[in-house]
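Me: Hi! I'm new to this one, could you walk me through it?

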Amino acid sequence: MKKIKVVKVKEPKQKTNVKRKISFPRWMFSAVIVTALTAIALICVLPKLPVKPRTQSGATYQGIIELWNVETFEGGFGSRSSWLTNKSAKFESANKGLFVHVTNLSVAELKQKLSDGQMFDMISFSRGVGDIVKEYLAPVSDNLGDVRDNFLQSAQIDGKQYAAPLYAGAYCLFARSSQLSQDDLLNKALTATYTRKVGKNTIELKPIVCGFADFNSPLTSLAMSGGKGNADYLAENVTQYQAYEQFVANTCAVTLLGTQRDMYRLSQKESQGKIDALSFAPLSAYNDLIQYVGISSACGEKSASCINYIKFLLSDEVQSALVNVGMFSVLNQSVYTQERYVACESQLSTAFVPNAFVSADIIANQRQTAKSTLAI
């Protein structure tokens, strides 16, 4: 029997895995190290950085500022309250979380609220009302910008600023040119009469009609502007609108001593042909038709935001927007182009502006003094 020869078959050699050494550029290691160190630094430092304010204009208070608005004399046209509310909304949009709530009040309502122990954070007011609220106001020590000096001084007590002027009106004279010429308007406002036929009747118009607000003294503006004549017959219970109606009816007086409100109303009628061409003269020597805004001494943490709100109202942009309600800016700037408005505006800085905080009794005495002065 033959032997079987066993042949060994050589198995193929298996390939061994060779580990390659991967080399990274040096710059990559440096980048990783820098990134890690930066992250650690930020983790340590960020909690210590000051938190960015959530409001603008330096205001930090978030909540409601109560603004009481007390108007005692006629405006120009449109609603001054709506104008104030609109500007407040713009201030709010720049100061998230801060709201200015405007409440319109009569003088009687203001007195009642104060009597009930209610309090404002800010208040918008005019002369006469200043005497009612002055004990509740805090001094305004911040720089109020380019406000007319005579307006600023009118809101001071013992040399301290207790309110900021907000907007102004103006006194003016009007007459039909056919009855009294422009050149004679100021000199003859209290002496010129006019006789006219109304149907079968003959009517003699008195020299002047004048309307009064609660705490103003329009005859002082006429006296200080050089007017002369008898004004004793003028009744102080005639409102500004009643005087305007009497003048338009052309059955009462030759001349109307009115305000910026009458300038708008009469200019409208004149342009529509509803009244004869008018003579016009601004009374530039005296002006008590000023609205102010003050801050409560009890507003606490709201104080800084209230200051910022006043500065916002006194900004060029907001003051220029007073043309939308026919009132005048308290800044040393011109915002009008219409001839009559420009004539009033150009003389605001030279007017005597009486103190905003005098009592109603002083204003009543001032009215009588004006009549006496006119008669001299």
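Reply: Happy to; we'll go through a sheet, a helix beside it and some salt bridges.

Me: What kind of model is it, and how are residues numbered?

Reply: It is a predicted model, where local features need pLDDT of at least 70 and side-chain atom pairs count only at pLDDT 80 or more, while totals for chains, interfaces and linings use all residues. Residues are numbered from 1 along each chain as its sequence is written, and side-chain values use heavy atoms, with hydrogens and water left out.

Me: In what order do the strands of the open sheet run?

Reply: The order is E8-E9-E10-E7-E11, with mixed pairing. Strands (E, at least two residues) and helices (H or I, at least four) are DSSP runs numbered from the N terminus, and two strands pair if DSSP finds at least two bridges between them.

Me: Which strands stand at the edges?

Reply: E8 (194-198) and E11 do; each has a single partner strand, so one side of each has no neighbour in the sheet. From one strand to the next, the twist averages 30°. Angles here run from 0 to 180 degrees between N-to-C directions, with axes fitted as lines to C-alpha atoms, for helices over the stretch in contact.

Me: How do E7 and E11 run, and how many bridges join them?

Reply: They run antiparallel, joined by 6 bridges. Tyr171 stands opposite Leu283 in E11.

Me: Is E11 enclosed or open to the outside?

Reply: It is largely enclosed by the rest of the structure, because 5 of its 6 residues are buried. Buried means under 20% relative accessible area, exposed over 50%, and partly exposed in between (1.4 Å probe, protein chains only).

Me: Which residues of H8 are buried?

Reply: Gln260, Asp262, Met263, Arg265 and Leu266. The buried residues of H8 pack against partners including helix H7 (240-249) and helix H11 (339-345).

Me: How far apart are the end C-alpha atoms of H8?

Reply: They are 16 Å apart, which agrees with the 16 Å that its 12 residues (260-271) should span at 1.5 Å a residue. The expected span is 1.5 Å times one less than the number of residues. After H8 comes Gly273, whose phi is positive, near 75°.

Me: Changing topic: how many salt bridges does the count come to?

Reply: The count comes to 10, where a salt bridge is a side-chain nitrogen of Lys or Arg within 4 Å of a carboxyl oxygen of Asp or Glu. One of them joins Glu270 and Arg340, with the closest N and O atoms 2.8 Å apart. Glu270 lies in H8 and Arg340 in H11, so this pair ties together parts 70 residues apart in sequence.

Me: Is Arg340 buried or exposed?

Reply: Buried, at 18% relative accessibility, whereas Glu270 counts as partly exposed at 24%.

Me: What else does Arg340 meet?

Reply: Leaving aside neighbours within four places in sequence, its contacts (heavy atoms within 4.5 Å) include Met263, Leu278 and Phe280.
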